[in-house]
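Subject: Structure for your attention

Dear colleague,

Please find the structure below, together with its sequence.

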Amino acid sequence: MKVKRCRVCRKEPPKYKCPQCFTAYCSVACSKHHKATCVPLPKPEVIRERNVQPLPQKDSYLEDIATDSPDYVPRETLEKLRECSDLRALLKDWQLRAMIEDCNRAENKDEIISQFMKNDLFVKFANTCLNIVDEFDLDQTVKPEPS
C-alpha cells in the first residue's frame, strides 16, 4: 500500500486538507506555502444525477470527424468508457465534474488541464480514461504535476 505524503514538502504524512482545492499538507508552514499557489476548485451551480442514455447508432455530427485523426476514438472504446464502473464512481464526485465542465468551457484547454493535473482526483480520472482508451504500461501513466 502506498503511503500518502504531503503534497507540498513530500516528507510527512498529511494531516490537513486545503478547503479551497483539497490538497493534502502536513503543517502550518506547508499550508502557508500552498496558499501562495493554490488554485481553488470551482463551486458547482447545481448538482443532479443524470440518466445515462445509450449512444445513438448513427451520429450525424460525428460524420465530419476524420477517423485517421490522432484524436479519433472509436465507438467501441467510448462504450468501454461508459461501462467502466471505476470511471462511474469517480464521476460521482462533484469536484471532478466541475473540473471537467471547466475544461470544456475553457478557451485554453491545455492551460487549465495543466492546472488540474496537480489534483490527485483529476489525475486518477485521466489515468482511468487513458487506461481504457490505450493500453498503457504502468510507467506510461500520467503522473501528477508538482504543486
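Setting aside neighbours within four places in sequence, phenylalanine 122 is in contact with Leu96, Met99, Ile100, Cys103, Ile113, Phe116 and Met117. Please note that the model is a predicted one.

Where does phenylalanine 122 lie in the protein? The residue belongs to helix α6. Is phenylalanine 122 buried or exposed? Its relative accessible area is 6%, and since buried means under 20%, phenylalanine 122 counts as buried. One of its contact partners is Ile100. Phenylalanine 122 and isoleucine 100 are 22 residues apart along the chain, and their C-alpha atoms are separated by 8.7 Å.

The contact between two helices deserves a description of its own. In general, two packed helices are described by the angle between their axes and the distance between the axes. Here, the axes of α4 and α6 come within 10 Å and cross at roughly 70°. Angles from 65 to 115 degrees count as roughly perpendicular, and α4 and α6 are therefore roughly perpendicular to each other. Which residues meet in this contact? From α4 there are Leu96, Met99, Ile100 and Cys103, and from α6 there are Leu121, Phe122 and Phe125. By residue type, the contact of α4 with α6 divides into seven nonpolar, no polar and no charged residues.

The next topic is the nonpolar core. The largest one has 23 residues. Those with the most contacts inside it are Leu87, Leu96, Met99, Phe116, Phe122 and Phe125. Four helices each supply at least two residues of this core: α3 (85-90), α4 (94-105), α5 (109-116) and α6 (120-133). Helix α6 gives the largest share, five residues. As a general remark, nonpolar side chains in soluble globular proteins tend to be buried together.

Finally, here is the protein as a whole. Its secondary structure comes to six helices and two strands, arranged along the sequence in the pattern β-β-α-α-α-α-α-α. The protein has 147 residues, of which 25% count as buried. Its accessible surface comes to about 11300 Å², and 52% of that surface belongs to carbon and sulfur atoms. Among contacts in the protein with a separation of 6 or more, 42% are between residues 24 or more positions apart.

Yours sincerely

Conventions:
Residues are numbered from 1 along each chain as its sequence is written. This is a predicted model: local features need pLDDT of at least 70, side-chain atom pairs count only at pLDDT 80 or more; totals for chains, interfaces and linings use all residues. Side-chain values use heavy atoms; hydrogens and water are left out. Buried means under 20% relative accessible area, exposed over 50%, partly exposed in between (1.4 Å probe, protein chains only). Contact means heavy atoms within 4.5 Å. Accessible areas come from the Shrake-Rupley method with a 1.4 Å probe; for residues, only the protein chains shown count as cover. A nonpolar core is a set of buried Ala, Val, Leu, Ile, Met, Phe, Trp, Tyr and Cys residues joined through side-chain atoms within 4.5 Å. Axes are lines fitted to C-alpha atoms, for helices over the stretch in contact, and angles run from 0 to 180 degrees between N-to-C directions. Angles under 35 degrees count as roughly parallel, over 145 as roughly antiparallel, 65 to 115 as roughly perpendicular and the rest as oblique. Ala, Val, Leu, Ile, Met, Phe, Trp, Tyr, Cys and Pro count as nonpolar, Asp, Glu, Lys and Arg as charged, and the others, Gly among them, as polar.
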